[in-house]
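Let's take a walk through a protein model together. Have a look at the structure below, then read on.

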Amino acid sequence: MAIPTSSALNQPLTKPGPIALIGLMAMTRMDHFGSAFALPDASLAVFFLAGLWFGGRGLFLTLLVLAGLIDYVAIAQMNVSDFCISPAYVFLVPAYGVLWATGAYFREKELTGLTDLTGLFGLLFLAVSLAFLLTNGSFYLLSDNVSNRSWEAFLGQFTRYYPHYLTGTMAYAAAIVLPVILFKGIMAHRWDSKSL
């Protein structure tokens, strides 16, 4: 993983890519799993994609603050339940950090072949799983909203929430990463054809 330069630490938020990711998170953060009226939360995918394509501590911190502000506005102004707010809320920071770091690991790599993509999505699968354990495990242990703390209850919660947590993030990542890589491949091929 490349060490960020001073310009990467101050990633400008006026570029279209970071703005699009911020917009995606703002539009989807209101509902974890989606509904007939809302897309599932894309926050994990946003942190992964921001790490993959942009990097910079400034953007990471901006996304963290924005996530907190969206949650605050949703709870204070839009009557969204505060059920998930507990001392475990701070575990979102390392969870998002795991996704960010996973994306950053692949930032300097050429993602052109099937092996590259398999590695990317395989590591993303592991990162999302670790993020789930961080967020849901900490909620299970620290939240006053959990009354039955047993392995059986935790496994029940795991099987109920983990599939949505995983598939939503993987679907967003695939829907955004694959077309970008395909487009870059087509453009590289056209460039090579013109140079012959």
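## A tour of the model

Tyr72 sits in helix 4; helices here are DSSP runs of H or I with at least four residues, strands are E runs of at least two, and both are numbered from the N terminus. Before going further, keep in mind that this is a predicted model, where local features need pLDDT of at least 70 and side-chain atom pairs count only at pLDDT 80 or more, while totals for chains, interfaces and linings use all residues. Residues are numbered from 1 along each chain as its sequence is written, and side-chain values use heavy atoms, with hydrogens and water left out.

Back to Tyr72: with a relative accessibility of 55%, Tyr72 counts as exposed. The cut-offs are simple: buried is under 20% relative accessible area, exposed is over 50%, and partly exposed is in between, using a 1.4 Å probe and protein chains only.

What about Asp71, buried or exposed? Asp71 counts as buried, because its relative accessibility is 14%. Asp71 lies in helix 4, which spans residues 57–77. Leaving out residues up to four places away in sequence, Asp71 touches Arg29 and Tyr89, where a contact means heavy atoms within 4.5 Å.

How many salt bridges does a search of the whole structure find? There is one, and a salt bridge here is a side-chain nitrogen of Lys or Arg within 4 Å of a carboxyl oxygen of Asp or Glu. The partners are the side chains of Arg29 and Asp71, at 2.8 Å from N to O. Arg29 and Asp71 are both buried.

### The whole chain

Now zoom out. The protein chain has seven helices and zero strands. Of its 196 residues, 36% count as buried. Its accessible surface is about 11600 Å², and 68% of that belongs to carbon and sulfur atoms; the areas come from the Shrake-Rupley method with a 1.4 Å probe, and for residues only the protein chains shown count as cover. Among contacts with a separation of 6 or more, 72% are between residues 24 or more positions apart.

### Inside the core

The largest nonpolar core has 42 residues, and Phe47, Phe48, Leu63 and Leu99 touch the most other members. Such a core is a set of buried Ala, Val, Leu, Ile, Met, Phe, Trp, Tyr and Cys residues joined through side-chain atoms within 4.5 Å. Helix 2 (16–28), helix 3 (43–53), helix 4, helix 5 (92–105), helix 6 and helix 7 each give this core at least two residues.

Helix 3 is mostly covered, with ten of its eleven residues buried. One of its residues is Phe48, which is buried with a relative accessible area of 0%. The C-alpha atoms of Phe48 and Thr169 are separated by 9.2 Å, though the two residues are 121 residues apart along the chain.

| Residue | Touches |
|---|---|
| Phe48 | Leu99, Trp100, Thr102, Gly103, Leu120, Leu124, Ala173 and Val177 |
| Leu99 | Leu44, Phe47, Phe48, Leu124, Ala127, Val128 and Ala131 |

### Rings meeting rings

The structure holds nine aromatic pairs. Rings of Phe, Tyr and Trp (its six-membered ring) pair if their centres lie within 6.5 Å; planes under 30 degrees apart count as stacked, over 60 as edge-to-face and the rest as tilted. Phe132 and Tyr165 are edge-to-face, because their ring centres are 5.0 Å apart and their planes are at 75 degrees. That pair links distant parts of the chain: Phe132 is in helix 6 (residues 114–142) and Tyr165 in helix 7 (residues 151–195), 33 residues apart. Phe132 and Tyr165 are both buried. Elsewhere, Phe47, Phe60, Tyr96 and Trp100 form one aromatic cluster.
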